Amino acid sequence: MEKVLFVTTEMADFVKAGGLGDVSAALPRALAKYDDIRVLIPGYPNVINSGRPMRMIGRTRSYHKLPACNIAEMETDDGLKVLVLCNADLYEREGSPYTDANGHGWPDNDVRFATLSRAAADIALQRAQIQWHPDLLHLNDWPCALAALYLDGESDAFPTVLTIHNLAYQGVFPAPTARYVGVPADHVAKERPERVSFLHEGISAATYLTTVSECYAKQITEPTYGCGLEAILRKRSQEGRLIGIVNGVDPSWNPRSDPALVKPFSIGHWDDRDENTRRLRDEFGLHQQQGPLFAVVSRMVQQKGVDLICEAAPQIIAAGGQLVLIGRGDPSIERTIKRLSRRFHGRVAAHIGFEEGLARRMFAGSDFLLMPSRYEPCGLSQMYAQAYGCLPIAHATGGLMDTIEDGITGLLFRDATVGDLRRCLQRAFRVFAEPMLLNAMRGAAMLEKRGWDGPGRKYAALYHRMLPQKVAA
Ligand code: ADP
Ligand code: GLC
């Protein structure tokens, strides 16, 4: 059994800002079958106050401007061991892992996340006074990426996997950051000498890179989706070091047993599903009517194309549809959504914020999920929707392409434009008007088998490939 430290800034058990939280809760559990896996997460208030007993097991030293931290260990109810990086000044703040309550990034995010990366490297190098010694680090996104660089500087051989969940977030800071987080001066990007990019450092130094779908793994080697890092990603891909592994779906996403639903249902029992639709309309104060109900469950950001949905909303309403939205994000997008729900009272309704149970009822009660993402590394919402018989309508990009079969388990459109979205909406209305087709598509979507076993096996195989001496043992 390999010993793997999975380093993350979100975990749905405690805190999540998006899909990374879901993945970090599910993937380590799937991997526990194959490996001795522990999760390392900062000690945010929701972690520290989770009510689970914590025991101090180690301590890291200070490094340049990065402070020393304690490391505690706790266990989830199902036995997953979680290491908590404790530093009240850095992590015990109200807000999201990355921003204050008003959505502004914390000004010391460079120190906060370099400290996390440094702690991961120290644990790997057996310098954190912990008895458990990992064979491999699995890092996620820019906040953990520097760990690969720290290890590269000290131990060429220590294996690291860096998973890119979203290339658009790179952790780019002014050049002086390099000095106080311990990035060598000659690493400051030559093309942008005033900047240091945590993700760029990680991409260069990690043993293997993965991203969360096969399509996105190809797309990010091209300028359109490469966010300026396409050259280094192409190089790593040509070396055979960039791999796409599509995310899975946690077993809790089961409409037969989900306690959040008004009425459980299964394939063919569409009357039970209809009951969820009726109650969802009531819950959101929408009129009870015959037409299709479209849902949006999303961070309200440019990536997700919510602005395209807002533009197309009047067409949905004019054609007899309704729209229900949940999520938060960009204040200007939130304002547009609120305006729409006032203008189309009873036909558009929104919950600005996030509530897991409500999101689940939306998947169970809506007919279609709108996901016109401009880019989508994987996307989990479309898979949750499919599991609940809600057909995704999505831009054919990234993980959406890998997980939606056009005309069978959802509808895809070519370009992220209002024009293409509108045409796809017309298709959706036609599908809705043919109950046999609609139900066949719902059934096909619900039959997709998307647990974490498959992706878990792929990650486990990658770990084994990186630690050949263990396989022989
Ligand atoms: P992304 O990670 O880009 O937001 P995904 O589709 O992979 O997109 O994952 C979205 C996950 O986050 C789903 O579990 C969804 O229900 C949840 N989610 C959506 N909006 C929010 C939000 N504003 N706050 C917290 N979680 C959210
Ligand atoms: C990111 C991506 C999303 C992906 C999620 C989990 O937030 O935007 O596409 O599903 O990470 O990997």
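**Two ligand sites in a predicted protein model**

A backbone N or O atom of Ser381 is placed 3.1 Å from an oxygen atom of ligand 1, a polar contact by the criterion used here (a pair of N or O atoms within 3.5 Å; within protein, one must be able to donate a hydrogen and the other to accept it, and residues adjacent in sequence count only if both atoms are side-chain atoms). Of the accessible area of 560 Å² that ligand 1 exposes when taken alone, the protein buries 93%; accessible areas come from the Shrake-Rupley method with a 1.4 Å probe, and for residues only the protein chains shown count as cover. The structure is a predicted model, in which local features need pLDDT of at least 70 and side-chain atom pairs count only at pLDDT 80 or more, while totals for chains, interfaces and linings use all residues. Residues are numbered from 1 along each chain as its sequence is written, chains are lettered from A and ligands numbered from 1 in the order in which they are written, and side-chain values use heavy atoms, with hydrogens and water left out.

Side chains also take part in the contacts of ligand 1. An N or O atom in the side chain of Asp22 lies 2.7 Å from an oxygen atom of the ligand, and for the side chain of Arg299 the corresponding distance is 2.6 Å. The shell around ligand 1 holds 17 residues, the closest being Gly19, Asp22, Arg299, Lys304 and Leu380; a residue is near a molecule or strand if one of its heavy atoms lies within 4 Å of it. Helices α1 (19-31) and α15 (381-387) each contribute at least two residues to this shell. Helices (H or I, at least four residues) and strands (E, at least two) are DSSP runs, numbered from the N terminus. By class, the shell comprises five nonpolar, six polar and six charged residues, where Ala, Val, Leu, Ile, Met, Phe, Trp, Tyr, Cys and Pro count as nonpolar, Asp, Glu, Lys and Arg as charged, and the others, Gly among them, as polar.

Ligand 2 is surrounded by 14 residues, of which His165, Asn247, Glu376, Cys378 and Gly379 are the closest. Six nonpolar, six polar and two charged residues make up this shell. A polar side-chain atom of His165 is 2.7 Å from an oxygen atom of ligand 2. Backbone atoms contribute as well: a polar backbone atom of Pro377 lies 3.5 Å from a ligand oxygen atom, and a backbone N or O atom of Gly379 lies 2.8 Å from an oxygen atom of the ligand. The protein covers 94% of the 310 Å² of accessible area that ligand 2 has on its own.

The protein chain contains 20 helices and 17 strands. Of its 473 residues, 59% count as buried (under 20% relative accessible area, with exposed meaning over 50% and partly exposed in between; 1.4 Å probe, protein chains only). The C-alpha atoms fill a box of roughly 65 × 45 × 40 Å along the principal axes.

Arg442, in helix α18 (residues 435-447), is buried, with a relative accessible area of 4%. Beyond its neighbours within four places in sequence, Arg442 is in contact (heavy atoms within 4.5 Å) with Trp270, Arg273, Asp367, Gly389 and Leu391. Ala157, by contrast, occupies the loop between α5 (141-154) and β7 (160-164) and counts as exposed at 69% relative accessibility.
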